[in-house]
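Here is a friendly briefing to read alongside the model. Keep the 3D view open and follow along by topic.

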Amino acid sequence: MAEGASRPGPAADPNGLVDAALAGDRRALARLLTAVENRTPAAEIALRRMYPLAGAAHLVGITGPPGSGKSTLVSALIGAARAVGRPVAVVAVDPSSPITGGALLGDRVRMQSYASDPDVFIRSMAARGHAGGLASTSTAAAAVLDAAGFDLILLETVGTGQSEVEVAAAADTTVVLEAPEMGDEVQAIKAGLLEVADIVVVNKGDRPGAQRTASQLRSMLVAVGGAVGGGAAAAAAGGGTGVQADRPRPKEPEVLVTTATTGEGIAELLASLDRHRARGGDAGDTPARLARAEAQVWAILADRLRGELHVPAHRDATAATMRAVAAHELDPFAAADRLLAELR
């Protein structure tokens, strides 16, 4: 959000952009994030330099169904963090059009009140068809913001409902929002949202039924017991490795009630986030961070493998193999074996 409040940007070379971003140039930081989002060669150069400088920030995932007030809660959290002098960055993911691929980056509009604060940086990203609630480059963008010195980084998911568990592999602490009387409590359990929650927030606490919804959620969390935090959905959030199932979090997620529009309960939420962080939620060797590392490395390996198979030397063999699978002349497993052999 503060991109436009900086001095003129440096030369477009990635090392120059990194130097400027680390020195506090928000326009250079914005250009780096654009390179990361577009997966340009400059992004890899920048990330190679900045990744070793990251790891100090607290990454908080904010997810939940549409209408639960995620963006309003994020805005309120920004205000609470800034009140105690903490720099805050936000990566807010918006849904993309399946036709044009474009997105209305509405979160930037909602948080205009922080546009002039140099210690607040808000980046909207389009999901670009990536399932799981985040953009495919959200974690890399968070690493850039981490290296740039932001203490608290909020990752706000698309909020399309039942496919938001990926945020747990990208965040140190996962906050799941619910709104009173929306009937989403059971859906949240079905979707695995409560399995990946470190903190559950019933937002819009000024509505009738808010306290009742919070009580119902606490009862549900007690009822599902060991399934919370240890099931298949938790493993799926960790990229299928099972690492995420051992996330260091309470046996039952804390359930809080907030009213983001008035700020009620926001200080308590920030304190809860700090408690989770103090328990080791952002230590470098936790299962949560190992899961994040695995997801990043596997994604890069998959991209590079795909790229190698499409270079001129392998392009014809790759195309022929795909046609054989499409014609059911070859099964996908044998095709994968053939393509791996092609690269040896």
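Asn38 lies in the loop between α2 (26-37) and α3 (41-50); helices here are DSSP runs of H or I with at least four residues, strands are runs of E with at least two, and both are numbered from the N terminus. This is a predicted model, in which local features need pLDDT of at least 70, side-chain atom pairs count only at pLDDT 80 or more, and totals for chains, interfaces and linings use all residues. Residues are numbered from 1 along each chain as its sequence is written, and side-chain values use heavy atoms, with hydrogens and water left out.

- Asn38 is partly exposed, with a relative accessible area of 40%; buried means under 20%, exposed over 50% and partly exposed in between, using a 1.4 Å probe and protein chains only.
- Along the sequence Asn38 and Thr137 are 99 residues apart, yet in space their C-alpha atoms are 8.5 Å apart.
- Arg39 belongs to the loop between α2 and α3 as well, and its phi is near 55°, a positive value in a residue other than glycine.
- With a relative accessible area of 47%, Arg39 is partly exposed.

**The chain overall**

- The protein chain has 14 helices and seven strands.
- Of its 344 residues, 51% are buried.
- Taking contacts between residues at least 6 apart in sequence, 74% join residues at least 24 apart; a contact means heavy atoms within 4.5 Å.

- Ser68 sits in the loop between β1 (58-63) and α4.
- Is Ser68 buried or exposed? Ser68 is buried, with a relative accessible area of 0%.
- Leaving aside residues up to four places away in sequence, Ser68 touches Leu177, Glu178, Ala179, Asn203 and Lys204.
- One of these, Asn203, is 135 residues from Ser68 along the chain, and their C-alpha atoms are separated by 6.5 Å.
- A polar atom of the Ser68 side chain lies 2.7 Å from the backbone oxygen of Pro65.

- Helix α4 covers residues 70-83, and Ser71 is found in it.
- 10 of the 14 residues of α4 are buried, so the helix is largely enclosed by the rest of the structure.
- Those buried residues are Lys70, Ser71, Leu73, Val74, Ser75, Ala76, Leu77, Ile78, Ala80 and Ala81.
- The relative accessible area of Ser71 is 9%, so Ser71 counts as buried.
- The side chains of Ser71 and Glu156 are joined by a polar contact of 2.7 Å. A polar contact is a pair of N or O atoms within 3.5 Å; within protein, one must be able to donate a hydrogen and the other to accept it, and residues adjacent in sequence count only if both atoms are side-chain atoms.
- At 1.5 Å a residue, the 14 residues of α4 should span 20 Å, and its end C-alpha atoms are 20 Å apart, which agrees. The expected span is 1.5 Å times one less than the number of residues.
- After α4 comes Gly85, whose phi is positive, near 85°.

- Asp117 is found in the loop between α5 (106-110) and β3 (120-126).
- Its relative accessible area is 17%, so Asp117 is buried.
- The Asp117 side chain reaches the backbone nitrogen of Asp119 at 2.8 Å.

- His328 is in the loop between α13 (312-326) and α14; although not a glycine, His328 has a positive phi of about 60°.
- At 74% relative accessibility, His328 counts as exposed.
- At the start of α14, a side-chain oxygen of Asp331 comes to within 2.9 Å of the backbone nitrogen of Phe333.
- The 12 residues of α14 should span 16 Å at 1.5 Å a residue, and its end C-alpha atoms are 17 Å apart, which agrees.
- The axes of α12 (residues 287-309) and α14 (residues 332-343) come within 10 Å and cross at roughly 75°. Axes are lines fitted to C-alpha atoms, for helices over the stretch in contact, and angles run from 0 to 180 degrees between N-to-C directions.
- Leu305, Glu308 and Leu309 of α12 make the contact with Leu339, Leu340 and Leu343 of α14.
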